[in-house]
Amino acid sequence: MSTIHVIQGGTAAASLRTALAEAGRDERVVGLLDDLGIGPLRGIDDAPGARAAFWQRALGDIVPDWTAELAGECERLASLTPGSGQIVIWHAPSVADQLLLRRVAYHLRNAPQRLNEVRLAAADLGASPVRADDACATGMFPPERLRDKLPEAAPISVLRISRLALEWQEAKHANAELRYWIANTITSGHYADLDARVLEHAPADWTPAARTVGTVIALADRGHLFVSDTVAYWRCRELAAAGRLELKDDDRRADALRSAALRAARHAGAAPR
């Protein structure tokens with residue numbers, strides 16, 4: 001019987017493919033790029049338009065065609081439904097992974113006998129550093145760690161699948177701007193939560209934007225945030241557009257963070273530097 005593995009993110013999918021190859025297992029891996037922890041979710045399973053428009057604004061050309069990418073993800077999810085093979089969902093204690101688990105459970109709710117999971121935890125990272133809140137994501141695990149977890153794939157109970165599917169529907173209906181994974185619960189938040197941390201660490205003088213972004217990410221666990229540098233930099237751009245931050249050498253290229261600089265907004269009438 002065939003087995004399909006589902007995991008969050010391109011890096012995690014590549015690591016899992018390597019792990020399976022090293023274990024001598026020729027099994028398909030479905031990697032989904034969309035980080036479900038941020039941005040609108042309403043309508044995501046029906047049409048990707050609103051979600052694609054969000055990511056185009058937030059991340060620009062990091063993906064050439066967001067509409068095609070998200071439409072492809074919907075097709076890959078739909079392809080899991082037919083057949084009788086086993087589905088293994090890999091997830092760690094991060095909101096994106098937990099939402100992926102719930103989304104797949106929703107799509108496969110009528111075939112619960114096919115659903116399995118592999119649970120990853122910060123302790124499985126071994127000597128790697130972990131966050132204060134013990135959150136981690138599947139993309140943090142190298143192939144050898146994933147290979148060690150292959151024997152731990154276990155069925156998900158029918159009752160739990162029903163609950164997970166319901167929680168996915170609730171998350172879509174809430175349509176929050178940000179989502180957190182706190183005490184095993186998905187909690188809604190706002191972009192302002194992340195903006196506050198950016199503004200708190202914005203320097204008075206021009207400084208590489210990557211330094212502020214790195215600080216924000218390093219401190220994110222205090223507020224149960226789990227964001228990438230590209231998402232944090234998007235909030236810097238939004239704050240600059242609103243006049244709350246100053247940003248130079250900014251554009252929408254995927255690598256713009258490397259060359260950009262920022263500083264706290266100056267008061268009106270202050271001499272430019």
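1. The side chains of H5 and E27 are joined by a polar contact of 2.6 Å. Keep in mind throughout that this is a predicted model.

2. Where does H5 lie? It belongs to strand β1, residues 3–8. Buried or exposed? H5 has 2% relative accessibility, so it counts as buried, the cut-off being under 20%.

3. Neighbours within four places in sequence are set aside here. On that basis H5 touches L16, L20, R25, R28, V29, V30, V88 and L150, along with E27 and W90.

4. Next, helix α3. It runs over residues 66–78, which makes 13 residues. From first C-alpha to last it reaches 18 Å, close to the 18 Å expected at 1.5 Å a residue. Its buried residues are W66, L70, G72, E73 and L77. Viewed down the axis of α3, these buried residues fall within an arc of 155°, so they line one face of the helix.

5. The N-terminal end of α3 is capped by D65. A side-chain oxygen of D65 lies 3.2 Å from the backbone nitrogen of T67.

6. C74 also sits in α3. Leaving out neighbours within four places in sequence, C74 is in contact with I44 and R103. C74 and D195 are 121 residues apart in sequence. In space, their C-alpha atoms are 31 Å apart.

7. Now the largest nonpolar core, which has 32 residues. Which residues have the most contacts inside it? They are I38, W55, V231 and Y233. Several elements give two or more residues to this core: α2, α3, β6 (178–182), α7 (191–200), α8 (209–219), α9 (229–241) and β9 (245–248). The largest share comes from α9, with 6 residues.

8. V231 deserves a look of its own. With neighbours within four places in sequence left aside, V231 is in contact with I38, W55, L59 and L194. Of these partners, I38 and W55 are also among the residues with the most contacts inside the core.

How values were computed
Residues numbered from 1 in each chain as written. Predicted model: local features only at pLDDT ≥ 70, side-chain atom pairs only at ≥ 80, totals over all residues. Heavy atoms only, no water. Helix = DSSP H or I, 4+ residues; strand = E, 2+ residues; numbered from the N terminus. Expected span 1.5 Å × (residues − 1). Buried < 20%, exposed > 50% of the residue type's maximum accessible area, 1.4 Å probe, protein only. Arc of directions from axis to C-beta. Polar contact = N/O pair within 3.5 Å; in protein donor to acceptor, adjacent residues only side chain to side chain. Contact = heavy atoms within 4.5 Å. Core = buried A, V, L, I, M, F, W, Y, C linked by side-chain atoms within 4.5 Å.
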